[in-house]
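Hi,

Here is the structure you'll be working with. Have a look, and my notes follow below.

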Amino acid sequence: MISSRHNGESVVKLAGIYAGKALEIIMRIFSIILLILVTAVFVVSPSELLESLTSGSVKAWIWMIIILSYYFISTIVPIDKVIGKIYPIFGIILIAMAVAVISGIIIQQDQYPMIELIGNFKDFSNGNGGLPWWPFMMTTVACGAVSGFHATQSPMVAKCIQNEKEGRQVFYAAMAAEGVIALIWAAAAMAFFKVDTREGWNALNAIGGNSNSVNQICKGVLGKNRNSFSYCRCSNMSYY
């Protein structure tokens, strides 16, 4: 909202306006590092998933070039030329996927029972490659709240609203909706991989990466081979 009152200025610029030049420099360095990390994740993970979906016929490095090209083009051209046309489609797909997956989980409760966290949730991180509970758990839960990607998007969206009253619908409502979608996927992952057991936790970790886990959940719950995960868990965990 502050950005909308300053013609869509970036978080870095706003820091300089309200906290001084020194903090602006610090924020600029921090933003560069953060954006490099975010871009790396948002390029590598989808590229690997797309490579698997194309059975390796299109290598991950080719997908990386395509995705980076899209990032570059969508950044330098006006918002309404690329982002404004593509993002609504992505939004519809995101919502449709979430509704379909949670519906599949609920309908197939006998196969994917919902897990009760209280008194049943255990920490298997020590037996899972020694991954520490901190900061992985807190970072995962708070991702939507502290996401650098979302912070960089705010000024971009602030340039698009015509009135501050639209901020409640554009920013707050979208944030709340995304929180619901995040909870749906968290519940789906817990039910699908049965993460209250060490076997389920290890299966989730073995897949490696959010994109791969999303792919497996969609294929398992909604796809033609939706019983394949249970079969693999029982017959040979090394399959994953």
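A word on terms before the notes: helices (H or I, at least four residues) and strands (E, at least two) are DSSP runs, numbered from the N terminus. On that basis the protein chain has 11 helices and 0 strands.

This is a predicted model, where local features need pLDDT of at least 70 and side-chain atom pairs count only at pLDDT 80 or more, while totals for chains, interfaces and linings use all residues. Residues are numbered from 1 along each chain as its sequence is written, and side-chain values use heavy atoms, with hydrogens and water left out.

Of the 240 residues in the protein chain, 28% are buried (under 20% relative accessible area; exposed is over 50%, partly exposed in between, with a 1.4 Å probe and protein chains only).

Now for α4, which covers residues 83-107. Helix α4 packs with α8 (residues 166-193) at about 40 degrees, and the axes are 10 Å apart. Axes here are lines fitted to C-alpha atoms, for helices over the stretch in contact, and angles run from 0 to 180 degrees between N-to-C directions. Which residues in α4 and α8 meet? On the α4 side they include L94, I95 and M97, and on the α8 side I181, I184 and W185 are among them (contact means heavy atoms within 4.5 Å).

I89 is also in α4.

Cheers
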